[in-house]
Amino acid sequence: MKKALLLIAAVAVSTISFAQSTISFSYNGNTYTEGDTVVFTTEESDPAVLIPHLTNLDSNTDSAQASCYPCAGTTGMEVISLCAGRCLAGNVSPVFPFNADGSYNEMMVDFHITTGHEGFFKYQVYKTGVEGDTLTLIIKVVYAPVSIASVEESMGELSIYPNPAVSNVKVDVILPEGANNAMVVLRDLAGRTLRQQAVAQNGMVTLNVEGLAHGVYMCGILTNDRLAAVKKVVVL
């Protein structure tokens with residue numbers, strides 16, 4: 001009888017030990033599991049933005065949150081906010097809905113590197129009210145600045161909204177003095193032009209960002225063969 005009880009207990013412990021999280025974390029085409037290290041390379045130091053893709057592998061609809069630790073003052077990096085639909089300063093995101101066997105695409109981590117060229121922090125996603133269903137990862141941030149264009153920050157002005165954006169970006173433009181054949185352009189971090197629209201005078205233009213991969217892009221005024229008044233745009 002004692003041997004039978006011990007066997008049942010051993011099986012139970014084994015089952016608990018090998019229980020898998022029902023949360024899947026994907027970034028840049030890769031999927032990560034418990035304890036993995038996610039390497040995020042950015043040329044932006046303040047702020048840098050990580051946009052993961054989360055999937056609920058459970059057949060139950062749940063709610064979830066994300067948290068980070070340590071979030072500030074270590075390894076030269078500080079997490080500014082954790083976002084889930086909306087952004088909260090600090091080390092805990094808003095609660096977000098996690099549909100059964102569904103995905104969540106409005107997650108974002110906004111941080112900056114204060115010193116050095118690398119930083120680490122622990123990132124957790126956990127279901128609220130579901131004890132033990134947690135995915136814990138290490139985020140390694142590598143700061144590798146790369147010039148994407150010849151930029152004159154003092155020339156012209158841009159105001160961009162909404163930012164982050166889902167479908168369209170509205171760009172209010174004040175052209176630099178003497179601008180000829182001015183264009184509003186949207187480029188990826190490799191410098192490739194993905195969207196562009198002519199602007200004849202000060203005013204507003206709209207760029208469609210549907211179909212672009214989730215991530216960070218650069219929007220600026222292209223005039224006289226120079227990219228001016230560049231600002232970051234986040235696409236969700």
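This is a predicted model: local features need pLDDT of at least 70, side-chain atom pairs count only at pLDDT 80 or more; totals for chains, interfaces and linings use all residues.
User: What makes cysteine 68 and cysteine 71 a disulfide?

Analyst: Happy to start there! The sulfur atoms of cysteine 68 and cysteine 71 lie 1.9 Å apart, and the cut-off for a disulfide is a sulfur pair within 2.5 Å. The pair therefore qualifies as a disulfide. Both cysteine 68 and cysteine 71 are buried.

User: Why is the disulfide of cysteine 68 and cysteine 71 called right-handed?

Analyst: The torsion about its S-S bond is about 125°, so the disulfide is right-handed.

User: How many disulfides does the rule give in total?

Analyst: The count comes to 2 disulfides. Cysteine 83 is joined to cysteine 87, with an S to S distance of 2.0 Å. Here the S-S torsion is about 105°, so this disulfide is right-handed. Counting bonded cysteines along the chain, the pattern reads 1-2, 3-4.

User: Why is cysteine 83 called buried, and what is cysteine 87 called?

Analyst: Good pair to look at! Buried requires under 20% relative accessible area, and cysteine 83 has 2%, so cysteine 83 counts as buried. Cysteine 87 has a relative accessible area of 43%. Partly exposed covers what lies between the buried limit of 20% and the exposed limit of 50%, so cysteine 87 is partly exposed.

User: How do you know whether arginine 187 is buried or exposed?

Analyst: The relative accessible area of arginine 187 is 14%, and the buried class takes values under 20%, so arginine 187 is buried. Arginine 187 sits in strand 17, residues 183-187. Its side chain meets the side chain of threonine 193 at 3.1 Å; the limit for a polar contact is 3.5 Å, and this pair is counted as one.

User: What makes strand 2 and strand 10 edge strands?

Analyst: The open sheet has 4 strands in the order 2-1-5-10, with antiparallel pairing. Strand 2 and strand 10 each have a single partner strand, so one side of each is left without a neighbour in the sheet.

User: How do you know that strand 1 and strand 2 pair?

Analyst: Pairing needs at least two bridges, and 3 bridges join these antiparallel strands, so strand 1 and strand 2 pair. One detail to find on screen: serine 26 has threonine 31 of strand 2 as its bridge partner.

User: Which strand gives the largest share of the lining of the second largest pocket?

Analyst: Strand 1 does, with 3 residues. The lining has 16 residues, and those nearest the centre are Gln20, Ser21, Thr22, Glu34 and Leu135. By class, the lining holds 6 nonpolar, 8 polar and 2 charged residues. The pocket volume is about 210 Å³.

Terms used
Residues are numbered from 1 along each chain as its sequence is written. Side-chain values use heavy atoms; hydrogens and water are left out. On a 1 Å grid over the protein atoms alone, a cavity is a set of points where a 1.4 Å probe fits but cannot get out, and a pocket is an open set with protein on both sides within 12 Å along at least five of seven lines; lining residues have an atom within 4 Å of a point. Grid points are joined across faces, edges and corners, and a volume is the space filled by probe spheres set on the points. Helices (H or I, at least four residues) and strands (E, at least two) are DSSP runs, numbered from the N terminus. Ala, Val, Leu, Ile, Met, Phe, Trp, Tyr, Cys and Pro count as nonpolar, Asp, Glu, Lys and Arg as charged, and the others, Gly among them, as polar. Buried means under 20% relative accessible area, exposed over 50%, partly exposed in between (1.4 Å probe, protein chains only). A polar contact is a pair of N or O atoms within 3.5 Å; within protein, one must be able to donate a hydrogen and the other to accept it, and residues adjacent in sequence count only if both atoms are side-chain atoms.
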